[in-house]
Amino acid sequence: MRIVLLGPPGSGKGTQAAMLKERLGVPHISTGELLRAAVADGTELGKKAKAAMDAGQLVSDDLMLGLIEEKLGRPEVAPGFILDGYPRNLAQARALDELLDRLGQPIDRALELTVDEEQIVQRLAKRAEEEGRSDDTEEVVRNRLAVYHEQTAPVSSHYEEKGILVRVDGIGEIETINQRLADALA
Ligand code: AMP
């Protein structure tokens, strides 16, 4: 089962993807986590990505495609995957389609978590306190939401046109939301 998980920053994608991974037994690929690890390790990728991440902007499509190609080529991805944080714009969505077509492994379902903006700002403020993520400050959060509306929201329409998008209410108990996502895959 090959899944793309969509939704604004703070919609709970990371938490839900980690739970879906257990349910479905397929790897969870979070580009944000991969990038944060690259920054922490001081790799070339990390050095190139850091400024964009700190500003709440997108890392370049070329760097992201390199990262995602490398991940999706690995044997552990053969049973499927849950992609969290990629694609973030239409160019990435098209690049992913091409890559997966080449591999003969198209996306089965795109799940979009819907959450209202007020809720997001509250959740991210809480996460900033709990996890101390450097891109959860108010100004950067505002940038990340603007980037989401301008660049990432059209990705949902891309999958809607392909007939594989399901929108899932992202408000409620974590377990309830996870069950909704599982139902959307059934
Ligand atoms: P996330 O944890 O998914 O919110 O990602 C954190 C940050 O990493 C984002 O604000 C971007 O700067 C960068 N990032 C993650 N995924 C992508 C992507 N697919 N394209 C470009 N930048 C990304």
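**Figure 1. The second largest pocket of the predicted model.** This pocket holds about 150 Å³ of space. Its lining consists of Pro27, His28, Ile29, Ser30, Glu33, Leu34, Lys71, Arg74, Glu76 and Val77. Two elements, β2 (28-30) and α2, each give two or more residues to this lining, and β2 gives the most, with three residues. By class, the lining of the second largest pocket comprises four nonpolar, two polar and four charged residues.

**Figure 2. The largest pocket and its lining.** The volume of the largest pocket is about 1200 Å³, and the ligand takes up its space. A total of 47 residues line the pocket, with Pro9, Gly10, Gly14, Arg127 and Arg133 nearest its centre. Helix α6 (117-131) contributes the largest share of the lining, seven residues. Other elements supplying at least two residues include β1 (2-6), α1 (13-24), α7 (138-161) and α8 (174-185). The lining divides into 16 nonpolar, 17 polar and 14 charged residues.

**Figure 3. The shell of residues around the ligand.** Among the 16 residues around the ligand, Thr31, Arg36, Gln57, Gly85 and Gln92 come nearest. Helix α2 (residues 31-41) gives the most to this shell, with four residues. Six residues of the shell are nonpolar, five polar and five charged.

Figure 4. The ligand taken alone exposes 480 Å², of which the protein buries 95%.

Conventions: Residues are numbered from 1 along each chain as its sequence is written. This is a predicted model: local features need pLDDT of at least 70, side-chain atom pairs count only at pLDDT 80 or more; totals for chains, interfaces and linings use all residues. Side-chain values use heavy atoms; hydrogens and water are left out. A residue is near a molecule or strand if one of its heavy atoms lies within 4 Å of it. Accessible areas come from the Shrake-Rupley method with a 1.4 Å probe; for residues, only the protein chains shown count as cover. On a 1 Å grid over the protein atoms alone, a cavity is a set of points where a 1.4 Å probe fits but cannot get out, and a pocket is an open set with protein on both sides within 12 Å along at least five of seven lines; lining residues have an atom within 4 Å of a point. A molecule sits in a cavity or pocket if more than half of its atoms lie within 2 Å of its grid points. Ala, Val, Leu, Ile, Met, Phe, Trp, Tyr, Cys and Pro count as nonpolar, Asp, Glu, Lys and Arg as charged, and the others, Gly among them, as polar. Grid points are joined across faces, edges and corners, and a volume is the space filled by probe spheres set on the points.
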